[in-house]
Amino acid sequence: MTLMQVWGALAIFILCPLLGGLPLIAGMTRLLTGKNLAQQGTGNLSVSAAFYHGGVIVGLCAVVSEALKGVLAVLLARQFFPTGSVWEILALIALVMGRYAIARGAGTTNVFWGYWVHDWRVAALVTLIGGVSFTVLRQRQQTQFGMLVLLPLVILLVYPTQGDRWLATLALSGCLAVIYRKIPDDLGLAATAAQPRSQRMLRFFQGHPVLLPLDRAPAAAKVGQKAATLGELLRQGYPVPPGWVLLPGDDPAVALTQLHPTPMQPLVVRSSAIGEDSVEASAAGQYQSFLHIRHSDQLAQAIRDCWQSYDRPQAVQYRRDRGLPDGNLAIIIQTQIRGVVSGVAFSRDPIARCGEAVMIEALPGEATQVVSGRVTPAAYRVLLSEAAFSQTLAQVETAVAGGRFSEGDATGMLPEVDWPIVPAGDAAINPEISPTLLRQVAFLARRLEAHFHGIPQDIEWTYDGERLWLLQSRPITTLVPIWTRKIAAEVIPGYIRPLTWSINRPLTCGVWGQLFTIVLGDRAQGLDFNQTATLLGSVAYFNATLLGTIFRRMGLPPESLEFLTRGAKFSKPPLGSTLRNLPGLLRLLGREIYLEKDWRRSYRRNLEPVLHALSQETLSDLDLPALWARVDRLLTALEQTTYYSILAPLSLALRQAILRVPETALDTQYLPEVAALRALRELATAIQHLLPRPESQGDTPASLQGAALFAQLAELPDARSLLERFDQIRDRFGYLSEVATDIAVPTWQEDPLPLRNLLAQFVAQPPVTPADPTPAPTPPSLAQRLVQRRLILKGQVSEVYNRLLAELRWTLLAIARHWQAAGILPEIEDIFFLELAEIQQGIDAGPDIAIAPLQAKIHDRRAQFEADRQQPQPPLLAYGNQPLTVMAPSPPAGATILYGLGTSPGQVTGYVKILKTWQALPAIEASTILVVPYTDAGWAPLLAQAGGIIAEVGGRLSHGAIVAREYGIPAVMDVHNACQLLRDGQRVCLDGQLGRVEVLD
């Protein structure tokens, strides 16, 4: 390939997608008619949509514009390659991908006219055969896909020796086939609703109606979510009754000629409207369904009545109330299953909104009795843990793969399981409803949830005496959004007071919204980034549903939601979505490349002057207006720093993952928690040289050890410099606390007692000193240097961010002292039960502040906060926006092994010590396996004393993991509910390499 051809290939793969993505049809339709095609009909920006909604003139303009695109793509390839080369077909492929990824069109017109220019003889032959076939058969979709098969076949016959041309044409047909399955076509809409002058032409191209088998149902945008879901599940082997789909607007006569219901084999007719059974709306009961159809005349009437139900006033109002567009309604016709036991099931408890129970309602007879509401079914809760479900699913999949039974029978062939079944309320287990059947239903519901990437499912089921059948599966709309602790538990752990949340939430949501908008551009419209996070039970959660929507708009694969909720791995995103997001990704890459430079400039110009000015002020000298002005300055500085506090760790993680640099290759001394540890360790070593080491500390409380140590040092003249060094450490790292991101938690500067006690423990029981980094025999690689620079940046940003938060805390406490002196606050800490805006309103009100309502609000919030803290550990996942009903988890029967994420290698056997707060420190020895809910920077000195670390949340770059590797301590993070499942004094074996905790007692 010559240099000119290399440039030609680049031009084809860059310019052709952009050419395909030009929104010419949308622009012309808007210009000539004022209509936005994206909001009309199916939303497809196609030639047929232009004819349908814009009329003949707009349609002809659309044909010309798209034809010119195809011709230009072929002519572009001819500028660099010989006429008729395979590069002309590759140019059409690139054009089609850009057309679909950017402009949401199929590209049929582009390819048709482009191929005429590429090879007019092949194009003429395919057009002739396709045209005759369509005229005779009048089947639009069959002809459409038939021509895609015919095109590469003709190429193979005409050019049998040109394999590259045949492969390229086959790839072009494959791209179009995939796109046809994914996007709707306005030719599927009723021709009577089109522009009058276009109706005759549209009727011709619509062809004769066709009754599609259910397992060949197209995308939801064409036939509604219900039909698309049942068709997908039927193809996947789920036990869905066989059926057919009548497309919107088609003549029901096609169903009457092919289907013949009888009393022995009745049919059911069900609606499948666009927008029905979606995450946003279930539309339950809005459209009609008909059972027990035994004659053809009943079938015709049921189809007509089902279609007419779409326009019922209550259905129209339902769509308007939820902002759903008016679309169309497809008809599902299925074989009716005669159930002996039927019901509904919820893969997650819709009342508790958390936990691992599957809710089932069942009664003898058909499922319609349950959903109709006329009969009260028996209700049951099947307690199916994630571990038990995963184990059973693996067994079932192994059996299916081994041919022991078919996929369709997998649910009914469960291995022996003993999942607990708890009747709800006063219900007793009906002898006609066996526990085995209930467990099968529970497994089916949870399996469908897993199939739909973690979205809770509401299913209808029936059992005919031999087989369990699935009648419907749809998202539980009341259980969205899905909230996850997976990220939030590490970013802002613990129980959060209102003031902290009123500060952190807008900062965090604002920065994430800024970053996502960089990538999405105009596609970020309609996303409410203020809903990125929330408090449930005084605990922070991130909105996995919103983030999943953002990920899908970014073109990431559907398992992105599972990544957020359960840590599933990503697959590679499609090439089309990558191209679509390329401009935004390049903008984000530019931010990442210049992140360090931008940080230095921001710190030098804005943040350093603010920190210096703050250090020169004495809080006790400032009045309330001056203190509030100080809060404003701090919030402005925090808004800038929050951007870097999110992007720097993200950049570090991405660089480390892409460049494959292990944690052991990084020097963590630049992180505040590690630097504080090393300073404390060095001071403890100096004290050991001055004092005789006590023979044994026994069980003396750490607080007494600290008091005794400092009392002893105070009496020694030579220890003055050591005491000064301790004060320097406290001043240097005084901004750290148990939870650095929570301004309601005292800092080391305010309360040095825990730091003193930890120093005493270091003196009495020196931690294993990590080996000092030795110079590598060769200089660090470029990859190591690139990752190390981001680690250093993360440490710098973390220090500034935490210092600003500490200054904000101290400023707000100064305001609280003013209000306490004025009788507004009974206690200084009460200020943390107000929101920031309420504090501002109080300061603005001055002496007119309403004290009684303010104190009542504080009282109620404090009571709620204390009640929340007494609840069991908050769940990893929560569903919906209503209050949770949290139940304490219990380990599965006989469970002796817990799994998490191994973050620091090594094995250790010791005794569990559960510690939910480090304010009251226990005696910690080398045999102590410390179990904590989270690990913030302030925990670092404490963690260094343990023989092993188990944390409920955290990753390989969390504070606890870094400290563990610093001191060679085995550690396992992300062990869900560890504080509840383990008990003080239990003997366990911890493996930090495998992420495994084995209970030995």
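What is the volume of the largest cavity?

Author: The volume of the largest cavity is about 50 Å³, the volume being the space filled by probe spheres set on grid points joined across faces, edges and corners. The model is predicted, with local features requiring pLDDT of at least 70 and side-chain atom pairs pLDDT 80 or more, while totals for chains, interfaces and linings use all residues. Residues are numbered from 1 along each chain as its sequence is written, and side-chain values use heavy atoms, without hydrogens or water.

By class, its lining has seven nonpolar, three polar and two charged residues. Here Ala, Val, Leu, Ile, Met, Phe, Trp, Tyr, Cys and Pro count as nonpolar, Asp, Glu, Lys and Arg as charged, and the others, Gly among them, as polar.

Elsewhere, strand β10 (residues 457-463) has six of its seven residues buried, so it is largely enclosed by the rest of the structure. Buried means under 20% relative accessible area with a 1.4 Å probe, protein chains only; strands are DSSP runs of E, at least two residues, numbered from the N terminus. Strands pair if DSSP finds at least two bridges between them. β10 pairs with β6 (residues 341-346) in the antiparallel sense over six bridges, and Ile 459 of β10 is the bridge partner of Ala 345. With β11 (residues 468-475), β10 pairs in the antiparallel sense over seven bridges, among them one in which Asp 458 has Arg 474 as partner. β10 and β11 form a hairpin with four residues between them, and Gly 465 in the turn has a positive phi of about 100°.

A further element is an open sheet of eight strands with mixed pairing, in the order β16-β23-β22-β18-β19-β20-β21-β17. Its edge strands, β16 (897-899) and β17 (901-904), each pair on one side only. β16 is joined by three bridges to the antiparallel strand β23 (residues 996-999), where Glu 998 stands opposite Ile 897.

Key. On a 1 Å grid over the protein atoms alone, a cavity is a set of points where a 1.4 Å probe fits but cannot get out, and a pocket is an open set with protein on both sides within 12 Å along at least five of seven lines; lining residues have an atom within 4 Å of a point. Buried means under 20% relative accessible area, exposed over 50%, partly exposed in between (1.4 Å probe, protein chains only).
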